[in-house]
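Colleague: Could we go through this structure together? I would like to begin with the charged groups and aromatic rings, and then turn to the helices and a sheet.

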Amino acid sequence: MSVGKAIPHESAEGHVTGGALYTDDLVTRYPGCLHAWPVQVLHARATVDAMRVEPALAVPGVVTVLTAADVIGENNTGVARRDEVLFDTEVHYWGQAVAWVLGETEEAAKMGALAVELDVTPGDAILGIEAAIAAESFHTEPGQIARGDVAAAMKAAPRTLSGELFVGGQEHFYLETHAAIASVDEAGSVLVQSSTQHPTETQEIVARVLARPKNQVVVQSLRMGGAFGGKEVQANPIAAVAALGCVKTSRPVRVRLDRARDFAISGKRHPFLGRYEIGFDDTGRVLAFDLELWSDGGYSLDLSAPVFHRALFHADNAYHLRDVRVRGRVCKTNACSHTAFRGFGGPQGMVMIEDALDAVARALRVPPHVVRARNFYQPGDTTHYEQEVSQADRITRIWDDLKRSSEFDARWAEVARFNEAHPNEKRGLAITPVKFGISFTAKHFNQAGALVLVYKDGSVQVNHGGTEMGQGLHTKMQQVAAQALGVPLERVRVMPTRTDKVPNTSATAASSGSDLNGAAIQAACETIAERLREVAGRMLAIDPGELEIADGVVARADGQGEALPFAEVVERAYLDRVQLSATGFYRTPRIHFDEAAGRGRPFHYFAYGAAACEVEVDRFTGMYAIRRVDILHDVGDSLSPLVDLGQVEGGFMQGVGWLTQEELWWAPDGRLGTVNASTYKLPTVGELPEELHVRLLPKATEPGVVYGSKAVGEPPFMLAISVREALRQAVSAFGEAPSSVPLASPATAEQVFWAIERVTGAEERRAAE
């Protein structure tokens with residue numbers, strides 16, 4: 001069995017030795033390669049009245065300056081709508097590139113960019129969600145999903161309360177910044193090596209800018225050093241600049257952003273503002289929930305609309321909301337265009353309901369985990385968009401199992417004893433669930449193709465549309481192919497993703513990479529395996545239906561009779577003129593959604609999980625430590641347990657960063673002040689839990705998905721909400737059973753300190769003085 005085997009990442013050795021190559025490492029293969037550097041405008045909103053490039057051309061080593069005049073086709077890289085001009089005279093955010101200098105060296109290009117003279121007229125910028133609301137600056141019309149009569153239910157509820165929460169954005173901080181290398185061959189076709197999650201879309205945008213058919217543009221994504229959604233759309237203009245430069249100069253062109261420019265130019269996780277009212281009874285059961293959301297989309301639409309819609313979809317998390325309304329809009333601001341990020345709006349929606357349920361629990365003086373459990377989905381329940389919650393019993397199953405394994409109840413009492421004895425240090429313990437829908441919410445993206453080649457020696461080459469960004473997709477696809485063909489893992493090679501091997505692919509996103517591409521590979525392999533069984537049947541003079549292929553051998557399923565090596569059967573097939581390659585195709589079944597009605601089945605299935613977290617907080621500094629985390633997560637029947645465990649752990653820690661440390665700070669002029677690791681605080685080894693226990697849910701087959709597996713990329717991210725709730729619990733322990741514990745997001749040490757000041761009344765006392 002190849003599937004289900006705990007093996008290392010297929011490039012793990014290369015990752016740690018430096019042998020694994022990334023896009024920018026390929027530059028040595030392109031003699032004479034030029035280097036590009038952006039000409040940036042340092043205003044959040046402005047008009048470029050004039051540009052003089054002659055001083056740049058006088059800089060030694062500068063070859064040319066790319067401007068709008070050089071665009072052959074369309075000067076626009078926007079996807080959702082044509083609102084991203086590649087070379088613009090209207091500046092929409094601080095640091096926007098309005099031209100690119102090409103030089104013999106990167107240093108020459110940098111000096112050339114500084115030499116370009118710009119005449120600009122600054123304008124009035126809209127900075128932040130509140131400013132956009134006041135200015136009525138929006139990308140979208142109001143969107144809504146509702147069920148029941150929320151107004152009547154709220155009015156009839158014995159208790160109600162309201163709240164407001166702003167959740168900040170997050171920088172992707174992939175280790176490899178945006179990069180592309182473009183070259184032109186003797187036929188005039190363009191090859192773009194791109195650090196992109198969506199080679200097909202990058203191909204489309206490059207073709208658009210160059211005014212060429214797509215068959216004259218090939219995009220390859222060798223591997224990425226992280227992406228997390230940030231290279232789903234925003235790799236496109238980087239590739240377009242490289243392609244335009246190489247067509248203009250007939251030389252290869254390299255574009256690679258340094259960290260500061262990557263921070264300034266590329267989008268982040270969307271900041272969200274939520275305002276809610278919740279109605280509930282004396283037991284904590286939710287009777288009505290009314291949530292209004294606004295997201296900061298930045299200057300262009302990008303993927304903001306589907307990100308916002310997924311926030312609406314996931315505003316329930318794991319809780320049954322009978323009468324509910326979730327609504328809102330995407331704000332248009334003068335910031336870089338915010339984009340996809342692991343969870344794709346789901347985390348922002350989930351954290352709102354978790355904030356509300358904590359408020360309910362405190363109003364009733366009931367432990368928050370008790371209120372959460374009382375509102376779980378049960379079998380037969382439907383979401384607020386009327387999709388049945390399949391396997392809803394797993395929520396309670398995971399919850400109860402995790403409470404037992406983490407000794408939650410005993411530790412709850414232990415934390416109370418500690419807090420009573422320590423006036424200046426308090427501990428908090430919390431447990432939170434996750435329910436996350438799996439599929440692209442844009443139906444047409446739920447498809448994948450594969451091309452599998454078997455060579456005469458029995459070795460196998462697999463091509464598929466998914467991209468590898470360190471998440472282990474190629475490892476899983478290698479295992480799927482080996483399992484479906486019945487050959488050893490070492491006989492299978494997964495190739496870099498290229499648009500001339502598998503066309504019209506979807507982005508590797510929405511946690512769907514394994515589901516979609518795995519099913520396509522399985523289909524292609526099964527086609528070849530069926531052909532080989534027929535060949536072997538003739539060789540052995542038995543019914544092909546009695547044969548199976550496993551461990552590189554073709555033999556009867558009952559183990560009786562002669563066995564043939566896989567390579568021998570392949571050789572015979574070649575001699576018999578039997579095709580040894582096949583394409584596979586898969587499209588996700590039974591998904592649909594009517595956006596106008598807010599009803600449908602947008603998700604193929606749901607992934608579940610839960611995390612229990614204990615923290616300790618210092619009264620005088622707000623500093624805290626994560627003492628212990630226990631996680632139980634549902635990945636179905638794992639394709640690759642070691643990879644999946646890594647995804648759960650990594651996703652959780654990235655979520656911890658978003659909710660506790662990673663604070664983006666914009667100056668009043670729209671300049672991003674946190675542009676490197678010295679000013680933007682990422683989780684480090686020091687922030688890791690002192691104890692981390694992660695388990696995958698056993699006996700969790702998901703019918704209708706490749707080998708019974710489930711997606712794992714995004715759902716674990718939301719497990720980090722348990723850390724935020726544990727911090728809130730610790731903060732509350734400094735007060736006298738406060739009825740509410742407002743906590744900013746991210747909950748930095750500074751914000752935790754101020755939260756403590758509020759619950760202890762110290763802030764009010766200072767104000768009175």
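Predicted model: local features only at pLDDT ≥ 70, side-chain atom pairs only at ≥ 80, totals over all residues.

Colleague: Understood. And what lies over the face of Y174?

Modeller: That is K231, at 4.6 Å from the ring centre of Y174.

Colleague: Now the ring pairs. How many aromatic pairs does the structure hold?

Modeller: There are 18 aromatic pairs. One of them joins F263 and Y680: the ring centres are 5.5 Å apart and the planes stand at 70 degrees, so this pair is edge-to-face.

Colleague: Where do F263 and Y680 lie in the chain?

Modeller: F263 belongs to helix α8 (residues 259–265), while Y680 is in the loop between α17 (641–660) and β29 (691–696).

Colleague: Is F263 buried or exposed? And Y680?

Modeller: F263 is buried, its relative accessible area being 0%. Y680 is buried as well, also with a relative accessible area of 0%.

Colleague: What about W658 and F717: how are their planes set?

Modeller: Their planes are at 35 degrees and their ring centres 5.6 Å apart, so the pair is tilted. W658 is in helix α17 and F717 in the loop between β29 and α18 (721–733), so parts 59 residues apart in sequence are tied together. Both W658 and F717 are buried.

Colleague: Which residues do ring pairs link into a cluster?

Modeller: The cluster consists of F313, Y385, F593, F603 and F606.

Colleague: Is α7 mostly covered or mostly open?

Modeller: Mostly covered, as 11 of its 14 residues are buried. Among them are N236, I238, L244, G245, C246 and T249. Just after α7, S250 takes a positive phi of about 60 degrees.

Colleague: And α12: what should its residues span?

Modeller: Helix α12 (residues 393–405) has 13 residues, which at 1.5 Å a residue should span 18 Å; the end C-alpha atoms are 18 Å apart, in agreement. Its buried residues are R394, I395, I398, W399, D401, L402 and K403.

Colleague: What covers the buried residues of α12?

Modeller: The cover includes the helices α11 (368–374) and α13 (408–421), together with the strands β16 (425–438), β27 (605–618), β28 (624–633) and β29. E407 follows α12 and has a positive phi, near 55 degrees.

Colleague: Finally, the sheet. In what order do β17, β18, β19 and β24 run?

Modeller: The order is β19-β18-β17-β24, in an open sheet of four strands with mixed pairing. β19 (492–494) and β24 (581–587) are at the edges and have a single partner strand each, so one side of each is left without a neighbour in the sheet. From one strand to the next the twist averages 20 degrees.

Colleague: In which sense do β17 and β18 pair?

Modeller: Strand β17 (residues 447–454) pairs with β18 (residues 460–464) in the antiparallel sense, over five bridges. V452 has V462 in β18 as its bridge partner.

Colleague: Which strands does α14 lie across?

Modeller: Helix α14 (residues 473–485) lies across β17, β18 and β19, and runs at about 145 degrees to β19.

Technical notes. Residues numbered from 1 in each chain as written. Heavy atoms only, no water. Pairing = 2+ DSSP bridges. Helix = DSSP H or I, 4+ residues; strand = E, 2+ residues; numbered from the N terminus. Axes fitted to C-alpha atoms, helices over the stretch in contact; angles between N-to-C directions. Contact = heavy atoms within 4.5 Å. Phe/Tyr/Trp six-rings, centres within 6.5 Å; stacked < 30°, edge-to-face > 60°. Buried < 20%, exposed > 50% of the residue type's maximum accessible area, 1.4 Å probe, protein only. Lys NZ or Arg CZ within 6 Å of the ring centre and 35° of its normal. Expected span 1.5 Å × (residues − 1).
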